[in-house]
Amino acid sequence: IREKYDVKESDFLLVTGGKIDRDKNVHLLVEAISAIEDKNLRLMIFGNISPEVESIIDGFGDDRVIKVGWIPSNRVYDFMYAADLVVFPGLHSVMWEQAVAARVPCLFSKLKGFEHIDIGGNAVFFENRSADCYRNVILKVLKDQELYARLKRCASTERADDFLYSQIAKRVVDEAFINEL
């Protein structure tokens with residue numbers, strides 16, 4: 001994925017995706033990225049972007065932002081695996097759990113009821129939904145190598161496997177079977 005989209009190994013790649021509307025705050029994420037003066041910072045966005053949000057994103061004219069467009073669901077993990085950091089700055093999506101399962105460090109909006117995606121330090125949470133907040137958190141992760149190393153280490157634990165669809169399906173089937181006995 002990185003090679004296909006001309007992302008160098010020396011680049012720090014943020015990836016986000018899904019059905020991108022105003023509530024996902026990707027336009028604010030692009031604003032935050034545009035305010036960071038780091039030529040090696042890149043943002044890849046996959047999925048359908050609403051026309052309103054796409055015009056806002058395009059207005060920044062930042063060539064570090066890569067819009068991939070729609071991808072089939074069986075390719076989502078490929079994009080997440082390519083990321084140095086998976087970022088979801090808005091409302092919840094099932095992609096959050098997929099990002100945890102991909103064993104990649106994450107940044108998520110802090111939302112009540114979604115604390116389960118923190119599996120012991122794999123994620124940093126945005127305290128509020130603003131471009132300034134996103135910029136500050138991203139800069140902190142970029143500058144603090146110890147923090148990033150901890151995020152990577154914690155994201156790589158076996159607890160991440162609990163978020164794989166195959167494991168979720170197995171638990172559902174097991175519970176249904178136990179209830180039949």
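**Exercise 1. Is Asp58 buried, partly exposed or exposed, and which relative accessibility puts it there?**

Solution. The model is predicted, so local features need pLDDT of at least 70 and side-chain atom pairs count only at pLDDT 80 or more, while totals for chains, interfaces and linings use all residues. Residues are numbered from 1 along each chain as its sequence is written, and side-chain values use heavy atoms, with hydrogens and water left out. The classes are buried (under 20% relative accessible area), exposed (over 50%) and partly exposed (in between), for a 1.4 Å probe and protein chains only. Asp58 has 42% relative accessibility and therefore counts as partly exposed.

**Exercise 2. Find the salt-bridge partner of Asp58 and classify that partner.**

Solution. A salt bridge requires a side-chain nitrogen of Lys or Arg within 4 Å of a carboxyl oxygen of Asp or Glu. The side chain of Asp58 meets that of Lys67, with 2.6 Å from N to O. Lys67 is itself partly exposed, at a relative accessible area of 33%. This pair belongs to a structure in which a search of the whole finds 10 salt bridges.

**Exercise 3. Describe the salt bridge of Arg2 and the network around it.**

Solution. Begin with the pair Arg2 and Glu9, whose side chains form a salt bridge at 4.0 Å, N to O.

**Exercise 4. Locate the salt bridge between Glu127 and Lys110 within the fold.**

Solution. The N to O distance of this salt bridge is 3.5 Å. Glu127 lies in the loop between strand S6 (123-126) and helix H5 (131-143), and Lys110 in the loop between strand S5 (106-109) and S6, so the pair ties together parts that are 17 residues apart in sequence. Helices (H or I, at least four residues) and strands (E, at least two) are DSSP runs, numbered from the N terminus.

**Exercise 5. Work out how helix H6 (residues 145-155) is oriented, using its buried and exposed residues.**

Solution. The buried residues of H6 are Leu147, Tyr148, Leu151, Cys154 and Ala155. Viewed down the axis of H6, they fall within an arc of 130° (taken from the directions from the helix axis to the C-beta atoms), so they line one face of the helix. Gln145, Glu146 and Arg153 are exposed on the other side of H6. The buried residues pack against strand S1 (12-17), strand S4 (85-88), S6 and H5, where contact means heavy atoms within 4.5 Å.
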